[in-house]
Amino acid sequence: KALAGFGSAKGSNEEAYLFQKLVRVGFGSNNVDHCTRLCHASSVSALMEGINSGAVSNQVSDVMKAAVVIVIGANPTEGHPVFGARLKQRLREGARLIVIDPREIGLVRAPHVAAAVHLPVRPGTNVAVINALAHVVVTEGLIDEAYVRARCDLKDFEIWARFIADERHAPEAVQELTGCDPAEVRAAARLYAKGGAAAIYYGLGVTEHSQGSTMVMGMANL
């Protein structure tokens, strides 16, 4: 009973299932855990709330179908080099990139790859930036109405749309807080909303904050 097993995020769902079965049934111990329970606990609770599934909505290979990519709170080329290589390949093929990070990570400006917009968000103000992006999408009429009617709870959507359209969420209103140029925030929002198939990739720079769950909800809403 003293044995404990710790799974890895590098494994597949199937491997995670087999591992916990080995520990629980094979070794007779319920002491089994996984790194994601801590570092992405905020993701699990927020995604359950927003999309009714506590898991990411896309597989890694879907980046090859993206026309616009937002990377926020992550540094894929250093932290996840296999995915980072795929992302760079897609960018070289013509996809557009938005980086939201206090640092100028390698993807912002690299050989044959450059971000269309870099928002150097002040640490701790992620929610304000994501709400500012959503504010632009809502107030400039960039919403995909057909998607909303088919996929969203309309009552909840209308409540959110009224909330996010408030001027306190405008890029200009949060500039002093976030440190981001309102014109650049608006450019990023328009690119995300009008650029075609768009994907958001985020990391621990988002989740390991006191407002981590709120931020993941904000990204799901966007």
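Modeller: A salt bridge is a side-chain nitrogen of Lys or Arg within 4 Å of a carboxyl oxygen of Asp or Glu. By this rule the count comes to eight salt bridges. The model is a predicted one, in which local features need pLDDT of at least 70, side-chain atom pairs count only at pLDDT 80 or more, and totals for chains, interfaces and linings use all residues. Residues are numbered from 1 along each chain as its sequence is written, and side-chain values use heavy atoms, with hydrogens and water left out.

Side chains of opposite charge can pair when their charged atoms come close. One of the pairs is Glu172 with Arg186, whose N to O distance is 2.9 Å. This pair links distant parts of the chain, since Glu172 lies in helix H9 (residues 171-178) and Arg186 in helix H10, 14 residues apart; helices here are DSSP runs (H or I, at least four residues), numbered from the N terminus. In terms of relative accessible area, buried means under 20%, exposed over 50%, and partly exposed in between (1.4 Å probe, protein chains only). Glu172 is therefore partly exposed at 43%, whereas Arg186 is buried at 17%. Both residues belong to a network of salt bridges that links Glu140, Glu172, Arg186 and Arg190.

Two further pairs may be described. Asp62 and Lys65 form a salt bridge at 3.7 Å, N to O. Asp62 is buried, because its relative accessible area is 19%, while Lys65 is exposed at 62%. Arg168 forms a salt bridge with Asp166, their closest N and O atoms being 3.7 Å apart. Asp166 counts as partly exposed, at 35% relative accessibility.

Note on methods
Helix = DSSP H or I, 4+ residues; strand = E, 2+ residues; numbered from the N terminus.
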